[in-house]
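Here's a quick tour of one model, with a stop at a helix and another at the ligand. Have a look at the structure first, then read on.

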Amino acid sequence: LTSSPLKFYSTAAAMASKLNPPVTVDTLNPKVLKCEYAVRGEIVTHAQRLQEELQTQPGSHPFDEILYCNIGNPQSLAQQPITFFREVLALTDHPALLDKSESAALFSSDSIERAWQILDVIPGRATGAYSHSQGVKGLRDAIAAGIAARDGFPSNPDDIFLTDGASPAVHMMMQLLIRTENDGILCPIPQYPLYSASIALHGGSLVPYYLDEGTGWGLEISELKKQLEEARSKGITVRALVVINPGNPTGQVLAEENQRQIVEFCKKEGLVLLADEVYQENIYVDDKSFNSFKKIARSMGYGEDDLAVVSFQSVSKGYYGECGKRGGYMEITGFSADVREQIYKVASVNLCSNISGQILASLVMNPPKVGDESYESYMAEKDGILQSLARRAQALEEAFNSMEGVTCNKAEGAMYLFPRIHLPQKAIDAAKAVNKAPDAFYAQRLLEATGIVVVPGSGFGQVPGTWHFRCTILPQEDKIPGIISHFKAFHESFMSEYRD
Ligand SMILES: Cc1ncc(COP(=O)(O)O)c(CN[C@@H]2CONC2=O)c1O
């Protein structure tokens, strides 16, 4: 060590850093440690381990593939993208294709025309350049037109912020609204854990309101009032109300009257209404249809000066399922000019969202119309996917309801079922013995027996003492009977093992 001072100090420094590494879990931001996201949590990590074992040791498990029913990721389960959308994306991603004569034989005339329209609103037709921080103005014009056509009320392109999926838009709003842990956000329980994770990351307080499983996950205003008053009595300033419609993980579609009550509640209590509407195209029941909260507010005569409504949309869901393209937007209304300036400033720090995602968001909100060359084929693809999703939801709902001790509300929309499992006390005790929540214990045993990955209800929140799991309706239709039979066989065996 004394042969050379440099060697001495470098060895000593190396030893010191091993003893006191600059970063340990204990020295990380405690808000990060508090954050949890169950959709890709412990059960999924375990599934990935089993998947590796299947590859390295074929036959090592009583199944030959892992079926990921944990995440709303349609194309990872073989759903095909919409042809028209992909043709336009291909042409705008490589505009030189438009100058080649062969392209007319490869692409529909309306996808070529749409590609030109899009390129003409992008400065210099440069789809590789940064755009305006809210997104390309011409694309926001198209999205605003699509929103207006959907709702029957005007939409201002300057209210739209194009984002890399809805997730960053939610984070941005939490960043803007949460000052300290005394700022609260009313969130549904069960909720999609992006909200609890984002509130934790931003140091705020999640104020829960419980959806009523007994009335098909109904959202009761009395529950909102109770939770709001309880939070306020603890010194929490409740800033906003999150509504996910159609619901994730619960799949309910709100009735119009209920939406009006919610708008009235937000106006009366001075809450920002954060309307997560990423499943707006996923409706499977004939007696419900999607109404945006902005449409409801405007139809009640409430305008910019009455209440703030932020609407989130995404290209990840619907019949398009383009999760990996990272497209989406938030439409912000009801904020003053100086608040909007601050929202713009935060958006500008990230420069802009990706251009392909922006283009795709404009296509989702302006799909082919009657008379377009692609209209028939587009509608055939769209209806085919949505009708199949509805059949899969029905088949899985019926299967869960046929299982001992399982009750499952209908998936009116979205992409999930969220059945309740009434577990025998012996199973609850067995879970406790291995320090797991009973539904996490059940999900792990299901995975190890069948290769099926579901997310424990504890990852979404639930009424204490109740246990659920979330299963997507996304495996391709020909796989559903096999999933049902394996699920049922496992469940019967599990219940026999632990029946009181
Ligand atoms: C209600 C809701 N809001 C926002 C998002 C975020 O979407 P993007 O960031 O992709 O636009 C999701 C994604 N759904 C997650 C991802 O897959 N399964 C889920 O529950 C969601 O379910």
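## Helix α9

Let's start with α9, which runs over residues 194-201 in this predicted model. This helix is mostly covered, with six of its eight residues buried. Which residues of α9 are buried? They are Leu194, Tyr195, Ala197, Ser198, Ile199 and Ala200.

An α-helix has 3.6 residues a turn, so residues three or four places apart point the same way. Follow the chain just past α9 and you come to Gly203, which takes a positive phi of about 75°.

## Around the ligand

Now over to the ligand. The space it takes is the largest pocket. There are 18 residues around the ligand, and the ones that come nearest are Ala166, Ser167, Asp276, Tyr279 and Ser314.

Ser314 is one of the residues that come nearest to the ligand, and an N or O atom in the Ser314 side chain sits 2.6 Å from an oxygen atom of the ligand. For Arg470, a side-chain N or O atom is 2.7 Å from a ligand oxygen.

How much of the ligand does the protein bury? On its own the ligand exposes 500 Å², and the protein buries 95% of that.

Note on methods: Residues are numbered from 1 along each chain as its sequence is written. This is a predicted model: local features need pLDDT of at least 70, side-chain atom pairs count only at pLDDT 80 or more; totals for chains, interfaces and linings use all residues. Side-chain values use heavy atoms; hydrogens and water are left out. A residue is near a molecule or strand if one of its heavy atoms lies within 4 Å of it. A polar contact is a pair of N or O atoms within 3.5 Å; within protein, one must be able to donate a hydrogen and the other to accept it, and residues adjacent in sequence count only if both atoms are side-chain atoms. Accessible areas come from the Shrake-Rupley method with a 1.4 Å probe; for residues, only the protein chains shown count as cover. On a 1 Å grid over the protein atoms alone, a cavity is a set of points where a 1.4 Å probe fits but cannot get out, and a pocket is an open set with protein on both sides within 12 Å along at least five of seven lines; lining residues have an atom within 4 Å of a point. A molecule sits in a cavity or pocket if more than half of its atoms lie within 2 Å of its grid points. Buried means under 20% relative accessible area, exposed over 50%, partly exposed in between (1.4 Å probe, protein chains only). Helices (H or I, at least four residues) and strands (E, at least two) are DSSP runs, numbered from the N terminus.
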